[in-house]
Amino acid sequence: MTRVLLKTLSRTTFSSLKLRLHSSLTSELIENMDKKATWDRFYSESSSRTTTFKNFEWFFGFAAVKNLIMPLLQTKSSSEARPLQVLDMGCGTSALGPSIYQHCCVPVRVTCADISPVAVQLMQDHILANAIQPLNSFSQLDFVELDCTLLHKHFGPGSVDLIVDKGTTDALLRSKEGRGKAGLVLKQCLKALRHSASLLQFSDEDPDARLLWLETEARERWAGGVNIGLQEVGEMRGVCYYCYQVTPRLTVQN
């Protein structure tokens with residue numbers, strides 16, 4: 001059983017999970033990571049085990065990918081009146097989105113979105129209690145309950161400057177019924193991105209598999225085509241992580 005679980009989740013993530021969760025929840029998480037009820041239960045049970053809030057990081061924290069994310073924002077023109085729109089998709093209780101808000105020198109509006117209202121409430125309460133201050137006084141930070149297969153209900157076509165996906169697509173692809181949802185999320189992301197904007201997928205999936213999936217899904221779901229870049233994040237505790245940068249050639253599609 002342990003070998004099966006290790007193939008499904010990264011070894012570091014599973015090691016963290018098995019110390020915190022009942023075996024029944026671990027099994028549910030493995031099989032149903034595309035379900036809202038699963039994540040509500042995960043965050044409810046995780047938070048009930050401690051009186052002190054702690055961010056839960058899938059794969060790694062902000063420090064590991066700061067040098068991949070921040071240059072994409074800092075090199076964009078800051079002469080426009082609007083802040084850059086950043087989406088942390090499937091944020092959970094990660095510190096990734098708040099860290100972008102806290103460390104970006106240009107004005108950003110960071111939206112942390114998750115399907116679980118439990119995770120969203122935990123993050124809202126945490127930020128309210130700790131009063132995190134942005135580097136740029138015009139930056140904003142929002143937390144939104146949102147099913148990422150329905151991004152169009154919150155973000156219009158060509159309205160987002162950067163989408164960060166740390167493990168969300170992985171969770172969908174590794175669920176029994178999530179593969180179709182992963183393709184739909186990719187299409188929604190491509191539609192929401194502005195001209196020259198990118199989706200960053202952080203994953204432990206081998207490039208041969210992920211690049212093929214991205215190319216196939218983009219070809220079927222996005223007529224304008226995409227450019228796909230690959231960078232290695234690095235190896236942490238025996239697991240190698242990658243950053244897949246997906247940039248649509250056309251940003252608006254009917």
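Trainee: Helices (H or I, at least four residues) and strands (E, at least two) are DSSP runs, numbered from the N terminus. What kind of model is this?

Mentor: A predicted one: local features need pLDDT of at least 70, side-chain atom pairs count only at pLDDT 80 or more, and totals for chains, interfaces and linings use all residues. Residues are numbered from 1 along each chain as its sequence is written, and side-chain values use heavy atoms, without hydrogens or water.

Trainee: How many salt bridges are there?

Mentor: The structure has 14. Each puts a side-chain nitrogen of Lys or Arg within 4 Å of a carboxyl oxygen of Asp or Glu.

Trainee: Which residue pairs with Glu-45?

Mentor: Arg-41, with the closest N and O atoms 2.9 Å apart. Both residues sit in helix H4, four residues apart, or about one turn of the helix.

Trainee: Is Glu-45 buried or exposed?

Mentor: Buried (under 20% relative accessible area; exposed is over 50%, partly exposed in between, with a 1.4 Å probe and protein chains only). The value for Glu-45 is 18%. Arg-41 is partly exposed at 26%.

Trainee: What about Lys-35?

Mentor: Lys-35 meets Asp-34 in a salt bridge, 3.2 Å from N to O. Lys-35 is partly exposed at 27%. Asp-34 is buried at 8%.

Trainee: Now Arg-210. What does it bridge to?

Mentor: Glu-205, with the closest N and O atoms 2.7 Å apart. Arg-210 is buried, at 1%. Shared partners link Asp-170, Arg-174, Asp-204, Glu-205 and Arg-210 into one salt-bridge network.

Trainee: Back to H4. Which H7 residues does it meet?

Mentor: Pro-117, Val-118, Ala-119 and Leu-122. On the H4 side are Lys-36, Asp-40, Tyr-43, Ser-44 and Ser-47. Contact means heavy atoms within 4.5 Å.
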